[in-house]
Amino acid sequence: MSRDRGGRLPVRVAIGAASALVLAGTVYPLASVLAEAATPAALPRYARLTSASDLGILRNTLVLGFLVATAGTALGLLFAFVQTRLDVPGKRLLHWIALIPMVSPPFAVATATVVLYGRRGLITHGLFGLDYDIYGLDGLVLVLSLSFFPVAYLGLLGMMRALDPAMEEAAMNLGASRRRVFRTLILPLLAPGLAAPFLLLFVEAIADLANPLVLGGDYVVLASRAYLAVTGEYDTTSAAVYSLVLLVPAIGLYLAQRHWVGRKVRVTVTGRPAGRVHLVSGWARWPFYGLAVLVALVIVSLYGTVLAGSVTEVFGVDFTLTLDHLRVALGSEAIADTTVLAAVATPIAGLAGLVMAWLAVRHLRAGSGWLDFAGTLGIAVPGTVLGIGYVLAYRSDLEIGGVTVLPGLVGGGAVAGGSLAIVLAFVVRSVPAGLRTATGSLAQLHPSIEEASTGLGARPFQTFRRITLPLIRPALLTGLSYSFARCMTSMSTIVFLVTPDTKIITAQVLSAAGMGYYGVAFAYCTVLTVIVLASLAAIRKVVA
Amino acid sequence: MKRTLAIPIALTLASAACYGGGKDRITIACGAHEQWCATMTRRFTEQTGIEAGFVRLSSGEAMARIKAARGKPEFDAWHGGPADGYEAAKKEGLLEPYLSPAAARIKPEWRDPGGAWTGVYLGVLGFCNNPDVLAETGLEPVTSWRALLDERLRKNVGVAHPATSGTGYTVLWTQVALGGGSQDAGLDYLRRLHPNVLQFNKSGNAAAQQAGRGEVGVGIVFSHDCVAQQQQGYAKLRVTFPEEGTGYEIGGVAVIKGARNPQGARAYVDWALSAESQRLGPTVGFYALPTNAGVTPDSKAADLSKITLVDYDVPGAGQAKPGLVRRFEDEIMAAS
Amino acid sequence: MTGLLRLENLTKSFTWDAPPVVDDVSLEAAPGEFITLLGPSGCGKTTTLRIVAGFETATSGRVLLDGVPLDDVPAQRRSMAMVFQNYALFPHLSVFDNVAYGLRLRDRTRAELTEAVRIALTSMNLVGLEGRHPHELSGGQQQRVALARAMVVQPHVLLFDEPLSNLDAKLRGAMRAEIRRVQNLLGITSLYVTHDQDEAMAMSDRIVVLDRGRVEQIGTPAEIYLRPASVFVADFIGRANFLEVPASMTGGQAIVTVLGRRQIVAAHPLLTGDSTALLMIRPESVRVTPTAVEGNGSVLGVTFHGASVDYQVETAGGTLTCTVAGPHPGELLAEGTNVNVSFAADRAYALPRR
């Protein structure tokens, strides 16, 4: 159904811009890689996909994605529930703690996990005398769920706040217990909201590279396998084939989610919540609260280790205080480079995600799936492969008839020291989070509010700017914050794009950790975390 | 949105002027650690006046980037990282042969006869023991490959993944060498070692970390990584070498084919092979052995006179790597 | 005067294989006329309204305003304003800003804008609430803001989508009058959707009765009530007794035998020859008089409403409902009372059986 047929120019411009971004940032580089996967030489590679080993890797990937998505979404739900429905102390603090993992620099958290909860972990071994082997699926699920759950939490928090408490009152009035209200009312109403982070977490989990490498143990997944093919076998073809396989579950799940949510259109926000939230104040609140506090403590312990590690000689062995590590980190030009590039990429990514969501939810019935999907693609593609795609696609100057149309964008000697490609990579990697949160909150915004504006004479873009945008500002905020954090912490793609002129913090973390300079790695992560948290506060100020 | 797009465009235009790619500038793909790379390039610039920037990359990443650039590489030279990577690059035709005058001071077996690459440092595989952890299971520091297979070391050995780490691959090829060149024999050893391995780490020196923290009793690492950990604060670590003989890694340097500044790149190779540059390692905590005969190894570096080295076929190792690594993935990792 | 609205053969199917939700709807509203689309839920009235507003596209047919087809005119340029069932106030804007919203899109000077908003707020009794946000208002106040917001842009057509259904009965009555008053004052053509026939009767110049997407009847409230075009309309509008009676036509009227008497009654044009007709008698047209001897009916049930009283009366022809207005306490009939039932022939209407 087309909601309007005229005044479509801004819509067309938006579609054009979004398509251009997706084409340039994801599709073309990906196609450059896949072109390698489609050569006759690659054919035998496909035959091997049905081998037991590759099937095992595929199964591992799916299991990991499912577990992380489930655990992460459940954690998000738990924290949102505690925040909005429980009468307990310290909720403000819990909220901020839950946001910390948005800044999850590769290596640091995984390493902190090993230090605290590994075989000789200060907590597992030192405190409880356990000899627990954290390498493998369990460690991965723990770290990935903790790293990714904030986006689920923020999305669900917004939704639970927007739920009309009158409905809960109605249900309770009909004799439903609190538990029943939650199961039969809140959960189904949140379903679209649950599906979105589930999908996002699933895709992020199966595409994550750093953690499977640090913590994976014998647990090999497609993303790490593709990386190994590139780095160990110098075999981009295999990497491309693995990436192709990795796209299959991502696409499948995506379509399933669309189908499922699409059938149950639930519009809950009419802009007029009535009734009053009844906070749970009985004994039943304590188990939930206890669980949330436990998780919060784990988060604090991990980031505390990162912080402590950055100011002690060797955390766990030599606790002498030192500022040397921080001095090294702060002296690096990577700090400024990364921050500037992320600051450039973030508004673009946040806005792109929002515009795509708006187009998909409100304006394109038929094409919406494709646009939405294309936006999500940026995260579904393993970063390693995307990075190689960028090199393939944008390394050389594009010449038409001997005239340089587009100078090379990637690598040393490229324009702007290769920073354009980095910004582009930042954007496409962080669009999906904004896209998902914006889609979730747009789906909850009653169309009549926008129609009222249209009826009063506002063109689509005016309606978007004056009505839609202010109303989904919380989602925008989430999207921007998450985008910035993603930019600052993304690694796998960036490794292929850093140049002598543009140093990126995560690449520095990687090399410091690779060197065994864990103090420096921790220091980088601390600085990174501080910058991101400060920026989140700044974004709040600007947007609010 | 239009306005926000304008920012990166303006940025581009502004900085395009700065990075026009001057002639007296080279870019290095550096496969060793950050500080070593930084020191090397800085001192090079001081010596020659040629500006040098570097990007730290693992061998595979460097290969992928050089290969994907399709003859228009962003790098002029490649420095550090195991020679098997250089061998693979040579096979792909990515390197420009250059026989540096300084190469005369380097043993022939430590460089490519055609000058495609030249060795700049030597890393020897050793065992990084944590005597406390070993003592818990009643074991002494390990001194042989055979002893690593002891059942009491279950999940107590740290080693790197052959695909991601030069160290890991050197371990694998050392076993091939010890097995008389049989790849099956090499893989078989790792298959039997697998139950004792805590995890195949991404990076080579992670095993030294694990040993330092006590996560494992022994890590198989280049001995200089274990020394670096001792320097970092894990003083109790003890380095031993396998009595059957051990493998080693040659860190290479090479000029990249199609370099924008080949002259600068050659000057850099000369510098990297010079005695002066090879003395710099220990100052930044890098204790690999120098290849230049004119440099006396640091006292903390491995003493080659007390170690049995296997007959390590560098070109063979390089050529076999992709296939062997894939077999390792399929036959050992995925089968577990 | 502008505001001549024409709907020509509007048809809408959401999918190609589903029956149309709007089926060949045509009507014309004169400038300033208040027309109500009335029908049970799912009859297509809201969809028709949304097509007129431009939020939906008709599968076929067209909408014309002052003779100009609106096919290619997007919703925001149709010079229409809609009042929504859920009010659809902008929750992030104050009352003032909600009302001013449409004007701000029209490049008014600050003074003009303030004045227009002030007049609208005054006429809707909203003075003093300018700074509040929608969630700080009562339902009635929200509805008045929605109305003010729609009127202030001086649209040529006002569209109402069940605007009163979320209000309580008393407020609803007041708002009906309010809407009519303002609409009369401004003379804006109005299309009003409701499923509440009382509301439709009370407010409309003309009513369009819709059933399953089709127009059943268009007429003034009196025509619809007294001369329904179909049994559906007769049944849907108000309350009606239906008696199945043999009828023979003569001179456009029907001679029927009912309650033991032959009577001549007005008849539906489709009724011809000798046939069985459904005789519609409104409850208030039925008279009951108690009788000591056996009459033609007896009281089955009594419902006292205060202003009136309903009797369920059993007769040979079926059960009839009879409404007596202003009952006197002494005149109330008890259950089981024998009565004579009669009605004035000019109040009955013979319809063909469906």
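Gln154(C) counts as exposed, with a relative accessibility of 60%, where exposed denotes over 50% relative accessible area, buried under 20% and partly exposed the range in between, for a 1.4 Å probe and protein chains only. In this predicted model, local features need pLDDT of at least 70 and side-chain atom pairs count only at pLDDT 80 or more, whereas totals for chains, interfaces and linings use all residues. Side-chain values use heavy atoms, with hydrogens and water left out, residues are numbered from 1 along each chain as its sequence is written, and chains are lettered from A and ligands numbered from 1 in the order in which they are written.

Gln154(C) is located in the loop that runs between helix H4 (139-151) and strand S7 (157-161) of chain C, helices (H or I, at least four residues) and strands (E, at least two) being DSSP runs numbered from the N terminus. The C-alpha atom of Gln154(C) is separated by 53 Å from that of Thr276(C), a residue 122 positions away along the chain. Chain C contains eight helices and 20 strands, and its C-alpha trace spans about 80 × 50 × 35 Å along the principal axes. Of its 354 residues, 52% count as buried. Among contacts in chain C with a separation of 6 or more, 67% come from residues 24 or more positions apart, a contact meaning heavy atoms within 4.5 Å.

Two pairs of chains are in contact, and chains A and B share the most contacts. Chain B and chain C, by comparison, are joined by no contact, and their closest C-alpha atoms lie 21 Å apart. Within chain B, His33(B) is listed under "binding site" in an unreviewed UniProt entry, an annotation that may be inferred rather than shown by experiment. His33(B) lies in the loop between strand S1 (25-30) and helix H2 (34-48) of chain B, and counts as buried because its relative accessibility is 10%.

In chain A, the buried residues of helix H4 (residues 91-99) are Lys91(A), Leu94(A), His95(A), Ile97(A), Ala98(A) and Leu99(A), and they pack against helix H3 (52-85), helix H6 (137-162) and helix H12 (285-311) of chain A. Elsewhere in chain A, helix H14 (residues 333-363) packs with helix H17 (residues 419-444) at an angle of about 40°, their axes being 6 Å apart. H14(A) is therefore oblique to H17(A), since angles under 35 degrees count as roughly parallel, over 145 as roughly antiparallel, 65 to 115 as roughly perpendicular and the rest as oblique.

Definitions and conventions. Axes fitted to C-alpha atoms, helices over the stretch in contact; angles between N-to-C directions.
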